[in-house]
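Subject: Structure handover

Hello,

Please read the notes with the model open.

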Amino acid sequence: MIRNLQRLIERQIQKAKLQGQLEGLEGEGKPLPDRSAGAFVDAGEAAGFRIMAQAGVVPEEIELKKKMAAHQGHLATLANGPERKEAMAELARLELRYNIAREARQKFMRR
């Protein structure tokens, strides 16, 4: 079954090449973009995230992940004290929101 599908895909690619449909495409001749950060993401999710990014839509969990990374960098610059404690509480709040958003998306995808 899988072999048949692979052969069909290869035939379609060869047909498109012969008809010139694969020439002049965006990114032609350039190396593939590095997507090693998404290596541990499900292929379906990765495709969904890529489509949303191309459409200019950023999922809440991605925005929260960026905020968490920035906040962790800020937290590393703070010495012990009330300001660090407050920053740690904010990071915990961001992590909670991130986990809630991720879980909500996963539940939605299971439907």
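**Salt bridges**

The count of salt bridges comes to 4, taking a side-chain nitrogen of Lys or Arg within 4 Å of a carboxyl oxygen of Asp or Glu as the rule. Please keep in mind that this is a predicted model. Side chains of opposite charge can pair when their charged atoms come close.

Glu60 and Arg97 form one of the salt bridges, and their closest N and O atoms are 3.5 Å apart. Glu60 belongs to helix α3 (residues 60-77) and Arg97 to helix α4 (residues 82-110), so this pair ties together parts that lie 37 residues apart in sequence. Both ends have some accessible area. Glu60 is partly exposed because its relative accessibility is 47%, which falls between the 20% limit for buried and the 50% limit for exposed. Arg97 is also partly exposed, at a relative accessible area of 32%.

Glu61 and Arg105 make a salt bridge too, with an N to O distance of 2.5 Å. This pair links distant parts of the chain, as Glu61 sits in helix α3 and Arg105 in helix α4, 44 residues apart. Are these two residues buried or exposed? Glu61 is buried, and Arg105 is buried as well. For either residue, buried stands for a relative accessible area under 20%.

The next pair stays inside one helix. Arg93 meets Glu90 in a salt bridge, and the closest N and O atoms are 2.6 Å apart. Arg93 and Glu90 are 3 residues apart in helix α4, so about one helical turn separates them. Arg93 has a relative accessibility of 40% and therefore counts as partly exposed. Glu90, with a relative accessible area of 26%, is partly exposed too.

**How α3 and α4 pack**

Two of the pairs above connect α3 with α4, so the geometry of these helices is worth a note. What angle do α3 and α4 make where they pack? The angle is about 160°, and the axes are 9 Å apart. That makes α3 roughly antiparallel to α4, because the angle is over 145 degrees. The crossing of α3 past α4 is left-handed.

A C-alpha distance can be read alongside this. Gln72 is located in helix α3. The C-alpha atoms of Gln72 and Leu91 are separated by 7.3 Å, although the two residues are 19 apart along the chain. With a relative accessibility of 41%, Gln72 counts as partly exposed.

**Arg84 and Lys15**

Arg84 is placed in helix α4 and is partly exposed, at 22% relative accessibility. How far apart are the C-alpha atoms of Arg84 and Lys15? They are separated by 61 Å, and the residues are 69 apart along the chain.

Ile13 is found in helix α1, which covers residues 2-18. Ile13 is partly exposed, at a relative accessible area of 34%.

Regards

Note on methods: Residues numbered from 1 in each chain as written. Predicted model: local features only at pLDDT ≥ 70, side-chain atom pairs only at ≥ 80, totals over all residues. Heavy atoms only, no water. Helix = DSSP H or I, 4+ residues; strand = E, 2+ residues; numbered from the N terminus. Buried < 20%, exposed > 50% of the residue type's maximum accessible area, 1.4 Å probe, protein only. Axes fitted to C-alpha atoms, helices over the stretch in contact; angles between N-to-C directions. Parallel < 35°, antiparallel > 145°, perpendicular 65-115°, else oblique. Left-handed = near helix turned anticlockwise from the far one by under 90°.
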